[in-house]
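The following report walks through one structure, and it asks the reader to keep the sequence and the 3D view side by side while reading.

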Amino acid sequence: MNFTIKCQTFIRMASICNHFEPDIRPDVKEKINTVRIENKGGKCFAVATNEKIAAVEYLHNTDQPDGYVHIILDPALLKQCEIEMTLDSDIYITAVEQIAVATAKTTLGYTQAGNCCYWFDDSPLNDWSSWFPEDVATESQGAMCWNSFHVEVLVKSSPSGEISFPEFINVNNPVILRDTKSPNWVGLFIPVSYDTIKPAVKPDWI
């Protein structure tokens, strides 16, 4: 089975895994510290999350059968992709699930040493399509509290670096963000407990 992703896209998506909060369980971190590439229904997607934020990007159509790989974020591969991203290079993944082996090669001929993918029996990323709320919020509910790192990383993971927010935000559900220039990217703020967060108001000293 074959998978293809732009080096530039891979770098953007991988940046989401640059930071994990201290409260994340080690077994969960181990399984989500990756970029998932999935062929599904004739389309190819890239998925990444650090449990607080997530991004999904529709990459291209594909004639490959349904399947997925979890790419190891190897420093050598990331460095090579940073070199080749200015040349619009691709990463080509060839995976043989039956023997749990996958190889990665770039447009300029760089070949990743060893197995380039994890082979988990199960993964939190298997259910990525369920992260999205079924209904669009028709009124705002609650007050959000954002970590500056997560905001920065989510914006940087988008193709244009310019994202839009929904008209209404319900903090009990994942908050969907879209790239203003690319229809193929979607970001998510994953909800946490906001019970102790007070909505921002104009201070008395103004």
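In this predicted model, Glu-162 and Lys-181 form a salt bridge, and their closest N and O atoms are 3.2 Å apart. The pair links distant parts of the chain, with Glu-162 in the loop between α4 (148-157) and β9, and Lys-181 in the loop between β10 and β11, 19 residues apart. Glu-162 counts as partly exposed, at 39% relative accessibility, whereas Lys-181 is exposed, with a relative accessible area of 60%. As background, side chains of opposite charge can pair when their charged atoms come close.

The count of salt bridges in the model comes to eight. The table gives some of them, including the pair just described.

| Salt bridge | Closest N and O atoms |
|---|---|
| Glu-162 and Lys-181 | 3.2 Å |
| Lys-6 and Asp-90 | 3.3 Å |
| Asp-27 and Arg-25 | 2.7 Å |

Which strands does the salt bridge between Lys-6 and Asp-90 tie together? Lys-6 forms its salt bridge with Asp-90 at 3.3 Å between the closest N and O atoms. Lys-6 lies in strand β1 and Asp-90 in strand β6, so this pair ties together parts that are 84 residues apart in sequence. Lys-6 counts as partly exposed, at 32% relative accessibility, while Asp-90 is buried, because its relative accessible area is 14% and buried means under 20%. In the pair of Asp-27 and Arg-25, whose closest N and O atoms are 2.7 Å apart, Asp-27 counts as partly exposed, at 38% relative accessibility. Salt bridges that share partners also join residues into a network, made up of Lys-6, Asp-88 and Asp-90.

**Asp-179, a charged residue without a salt bridge**

Asp-179 lies in strand β10, and Asp-179 is buried yet has no salt bridge. What does the side chain of Asp-179 reach at 2.8 Å? The side chain of Asp-179 reaches the backbone nitrogen of Ser-182 at that distance, and the side chain of Asp-179 also makes a polar contact with the side chain of Ser-160, at 2.8 Å.

**Strand β10 and its neighbours**

In a regular strand the side chains alternate between the two faces of the sheet. Strand β10 (residues 175-179) has a covered face made of Val-175, Leu-177 and Asp-179, and an uncovered face made of Ile-176 and Arg-178. Strand β9 (residues 163-164) pairs with β10 in the antiparallel sense over two bridges, and Ile-163 stands opposite Asp-179 in β10. Four bridges join β10 to strand β11 (residues 185-189), and these two strands also run antiparallel.

Strands of a sheet pair through backbone hydrogen bonds, either parallel or antiparallel. Where does β10 stand in the order of its sheet? The open sheet has eight strands, in the order β8-β5-β2-β3-β4-β11-β10-β9, with antiparallel pairing, which places β10 between β11 and β9. The edge strands are β8 (117-118) and β9, and each of them pairs on one side only. Elsewhere in this order, strand β3 (residues 43-49) is joined to strand β4 (residues 53-61) by seven bridges, and the two strands run antiparallel. Within that pairing, Val-56 in β4 is the bridge partner of Val-47.

Val-96, Ile-99 and Val-101 form a nonpolar patch on the surface, with about 240 Å² of accessible area together. Val-96 belongs to strand β6 (residues 90-96), and Val-96 is partly exposed, with a relative accessible area of 36%. Asn-2, which is placed in strand β1 (residues 2-6), is likewise partly exposed, with a relative accessible area of 36%. Although Asn-2 and Thr-103 are 101 residues apart in sequence, they are 9.8 Å apart in space, taken from C-alpha to C-alpha.

Technical notes
Residues are numbered from 1 along each chain as its sequence is written. This is a predicted model: local features need pLDDT of at least 70, side-chain atom pairs count only at pLDDT 80 or more; totals for chains, interfaces and linings use all residues. Side-chain values use heavy atoms; hydrogens and water are left out. Patches are made of residues with over 30% relative accessible area and no salt bridge: like charges are joined within 9 Å, nonpolar side chains (Val, Leu, Ile, Met, Phe, Trp, Tyr) within 5 Å. Accessible areas come from the Shrake-Rupley method with a 1.4 Å probe; for residues, only the protein chains shown count as cover. A salt bridge is a side-chain nitrogen of Lys or Arg within 4 Å of a carboxyl oxygen of Asp or Glu. Buried means under 20% relative accessible area, exposed over 50%, partly exposed in between (1.4 Å probe, protein chains only). Two strands pair if DSSP finds at least two bridges between them. Lys and Arg count as positive and Asp and Glu as negative; His and the chain ends are not counted. A polar contact is a pair of N or O atoms within 3.5 Å; within protein, one must be able to donate a hydrogen and the other to accept it, and residues adjacent in sequence count only if both atoms are side-chain atoms.
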